[in-house]
Amino acid sequence: MNKILYLTIVREYYRQNAIFIFTVLMFAIGFLRGNEHLAIINEALRSPFTLSCIFLLWILYAVKVTLFTLRFLSQRSSEFLYHIRLFPPAKRIWAFMNLQFSLIQLAFTYAVLMIGKGILEKTWWAALAIALVNVGMVVAGALVYEYRIKRPNSRQDVTRKYLNLTFTTPRFLFYPRYLLTRQTVLLLITKSFTAFVIMGVCYLYPTDDYDIRLISLGCLLAAFSQSVILQHLHFFERMYFDMHKNMPVSSLRWFLNYLLTLAVILLPEAVVLARNLPASLSATDGLIQFFFLLAVTVMLLHYQVFVAGNNETGFQVVFFSGLGLAILIMFKIPAWAFSGVGLVLAYWVLRRRFYEVE
Amino acid sequence: MLKVQNFTKSYSGRKIIAVDELVIPDGIHWVKGVNGSGKSTFFRSVAGIVPYEGQISWNGTDQKTQPIAYRLKVNMSEAEPLYPEFLSGYDILSFINKAKQGTREQLYALAERFDTPAYWKNPCGTYSSGMLKKVAIISAFLGSPELIILDEPLITIDVKSVGIVYELVKEFYEEKSVNFLLSSHQDFIFENLPILHSYQVENQTIFQV
């Protein structure tokens with residue numbers, strides 16, 4: 001029974017959530033340093049509030065994996081798993097606990113680290129609470145699955161009403177989800193490159209008499225590096241959502257929708273910029289640079305989607321406009337001015353061309 | 001009343017369908033035509049999905065000069081809907097319902113009629129073509145439309161769902177005065193639907209039969 005649950009649910013969970021887990025690990029290992037993890041753990045072991053926040057995150061993760069399993073069990077292809085009910089209850093519950101334990105490994109691994117530190121620091125109550133929360137997540141998950149497996153007809157199943165809450169994906173997250181599930185290689189390559197560029201200019205900045213234009217040039221290169229992602233956005237919209245041109249949605253709302261989509265796509269760049277911003281630059285400088293990155297990307301998107309379309313000469317225009325913008329930066333045109341003009345221009349293009357594209 | 005004037009739709013310079021003047025009165029209308037005749041292109045133009053030359057208006061609301069008001073009144077369901085496999089039918093319908101200013105109760109009531117709540121929160125990649133089609137048909141009834149275009153509404157769905165489509169069309173027409181443009185290769189059951197006129201799409205134009 002353990003083997004069949006592992007081969008069906010556990011493997012499928014990790015396959016489908018590889019990017020999510022990779023992103024969490026990237027954040028945990030890439031952006032937080034070892035001593036920062038230790039500081040967080042020490043704080044959590046001493047502060048019940050911080051510890052409760054961590055428990056909340058773990059519980060949310062446990063809910064996520066539990067909902068995944070419930071959804072998996074509701075598929076027609078999973079109907080054979082309901083034969084598990086024929087096994088003795090103790091054996092069944094044990095198998096479900098194993099299943100839940102395999103699924104919450106992301107939280108459990110960190111819990112082990114925290115318990116170890118708690119024992120070393122002699123904060124016994126905190127260590128015990130961490131252990132109990134993890135056991136609780138495993139037992140609760142097993143009981144939910146037990147309840148579910150006894151009710152094969154999902155339409156009569158109250159777990160569907162109370163536990164199978166599916167959050168609606170807002171329109172601006174449709175494309176980021178497409179990138180995460182269907183274009184992961186493109187996303188990883190692009191984000192690695194842009195992170196490298198932004199970190200590069202940030203590290204270079206203090207080494208000589210550079211000014212903010214160096215960071216702007218880095219952001220400009222990062223924005224133009226999104227070209228292929230933007231081209232895919234055009235493909236994605238035409239392939240699946242031509243119908244959305246029948247929606248009574250104003251140009252401004254479409255514009256804000258694309259702006260939000262790109263802000264989400266550019267979140268990794270924002271984090272890298274915030275983490276590596278040279279000490280001599282203020283947070284406002286950082287914000288203006290991110291705003292500039294966002295504005296140039298929005299301009300590019302609107303040009304590629306609403307003007308160039310599938311026209312290959314569009315890429316030449318993109319290339320030369322990038323060069324032109326770089327020259328303007330060198331002439332000390334401020335980034336905020338570019339951003340304002342760029343956003344207005346992008347909106348104007350969308351307003352004029354939105355219904356004309358096919 | 002749907003008014004089409006000086007209408008031409010071309011792809012890469014090749015004319016697909018053109019009509020100088022066409023007035024379709026209120027009611028349920030059946031648009032016929034062989035595969036590739038331009039029925040769907042005409043429907044997509046009326047729904048405002050593809051650009052064209054000319055003017056299309058619904059009861060005086062012009063599609064090009066009043067894009068939002070027009071789209072609140074004209075809904076469409078495509079013949080072969082295609083949705084990203086990682087999104088759920090619920091994601092798609094929630095967005096369309098919000099855009100069309102429909103209510104949650106309306107969405108759930110329509111979904112219940114087609115039995116979609118049993119699967120609509122699963123990703124579209126797990127749906128059969130009939131399940132996808134039901135999502136598309138539901139989307140056309142959301143909000144407060146005055147004209148609903150159903151392109152091949154009877155294909156890929158089961159007999160029970162065909163009956164529900166007939167019921168819905170009749171109910172929306174009789175109780176809410178909603179007008180319909182329908183296309184189908186199958187004959188509609190006339191005793192079930194009070195079809196006012198039939199139109200033929202042929203020789204790159206559309207005319208009343």
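Predicted model: local features only at pLDDT ≥ 70, side-chain atom pairs only at ≥ 80, totals over all residues.

**Two helix pairs**

In chain B, Gly89(B), Ile92(B), Leu93(B) and Ile96(B) of α3(B) meet Val135(B), Ile138(B) and Ser139(B) of α5(B), where contact means that C-beta atoms, placed from the backbone, lie within 7 Å, and where helices are DSSP runs of H or I with at least four residues, numbered from the N terminus. The residues of this contact divide into 5 nonpolar, 2 polar and no charged, counting Ala, Val, Leu, Ile, Met, Phe, Trp, Tyr, Cys and Pro as nonpolar, Asp, Glu, Lys and Arg as charged, and the others, Gly among them, as polar.

Residues are numbered from 1 along each chain as its sequence is written, and chains are lettered from A and ligands numbered from 1 in the order in which they are written.

The axes of α3(B), residues 89-99, and α5(B), residues 129-140, come within 10 Å and cross at roughly 15°, the axes being lines fitted to C-alpha atoms over the stretch in contact, with angles from 0 to 180 degrees between N-to-C directions. These two helices are therefore roughly parallel to each other, a label for angles under 35 degrees.

Turning to chain A, α15(A), residues 283-308, and α17(A), residues 335-353, pack at an angle of about 25°, with their axes 8 Å apart. α15(A) and α17(A) are therefore roughly parallel to each other.

Definitions and conventions: Parallel < 35°, antiparallel > 145°, perpendicular 65-115°, else oblique.
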